[in-house]
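Take a moment with the sequence and the model.

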Amino acid sequence: MATDNGCIGFTGTNARPSIAPTFGVEPCMGTNPLTFGIPTDEEFPFVIDCATSINQRGKIEKYARLGMSTPKGMVIDIHGNERTDTEGILVDMVKGTCALCPMGGAGDELAGYKGYGWAAVVEMLSTAFQSGEFGPLLSGVDKETGKPRPMRLGHFFLAINVEAICDLDTFKHNAGNFLRFVRGSTKDPKGPGRIWTAGEPEWDARVHRTAAGGVMVPPALLKDMKDLREYLPGIKDKYPQFPFEVEHS
């Protein structure tokens, strides 16, 4: 929205506590994504939307669907063990006895304190302005009664009007020149032979999938969708058949 209107966008949100601070083991902060959008003179803006954790629960759920172990350094438990047992991790995340590591991983050897610091920035900007809740208050469960409680998440949104500082077309051209320089820099001889900038892989995927007629969904996720339809009230009335069922009936 910001980039479409000649602005630089900057936003973030806190979430259910799942990240442990560096040298800690208790989930204290959410995955707390930090997002920037910058207009360019290319077909797509520079947009980066990244969790401040090294991984997210959704990726661990994907590992479970694929029968894969979770790479070491992504999750730490209450005893200080770096966990790789994907199914056990998912169980213990619900219990609150293991936590995701911040960007950089467990400890400080690979600078996990940087991800921890960024997660803390998002948490403060999502709570301090509005005296919002954080930590266990965002767990979704009342600790005293064990009953569900609303998660009063916080968000922040900032937009910088480029025209208030310089000519928009000049800014977009300068930004585009930098991105083209980066993509044209020397490639890793052992890599894929291409360098992407933020927003480019998503643009490529959108172009490809639009041309192909849609998005491919893994069989395990298709099954989950059908199971949820049977489990959740009202879903079956709204979706008696999913599009993929119609196509294959």
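The side chains of R83 and D92 are joined by a polar contact of 2.9 Å. This is seen in a predicted model.

Where does R83 sit? Its place is in the loop between β4 (75-77) and α2. Is R83 buried or exposed? R83 counts as buried because its relative accessible area is 12%, and the cut-off for buried is under 20%. Beyond its neighbours within four places in sequence, R83 is in contact with T70, P71, V75, D77, G88, I89, D92 and C98.

Now turn to the largest pocket. The space in it is about 550 Å³. Its lining has 20 residues, and R16, P17, M93, V94 and S139 lie nearest the centre. Which elements supply at least two lining residues each? They are α1 (57-66), α2 (86-95) and β5 (98-100). The largest share comes from α2, with 3 residues. By class, the lining holds 8 nonpolar, 7 polar and 5 charged residues.

How far can the coordinates be trusted? The protein chain averages a pLDDT of 93, and 99% of the residues score at least 70. Among its elements, helix α4 (residues 168-183) has the highest mean pLDDT, 98. Helix α8 (residues 243-247) has the lowest, 73.

Key
Residues numbered from 1 in each chain as written. Predicted model: local features only at pLDDT ≥ 70, side-chain atom pairs only at ≥ 80, totals over all residues. Heavy atoms only, no water. 1 Å grid on protein atoms, 1.4 Å probe; cavity = no way out; pocket = protein on both sides within 12 Å on 5 of 7 lines; lining within 4 Å. Points joined across faces, edges and corners; volume = space filled by probe spheres on them. Helix = DSSP H or I, 4+ residues; strand = E, 2+ residues; numbered from the N terminus. Nonpolar A, V, L, I, M, F, W, Y, C, P; charged D, E, K, R; others polar. pLDDT = per-residue confidence, 0-100. Buried < 20%, exposed > 50% of the residue type's maximum accessible area, 1.4 Å probe, protein only. Polar contact = N/O pair within 3.5 Å; in protein donor to acceptor, adjacent residues only side chain to side chain. Contact = heavy atoms within 4.5 Å.
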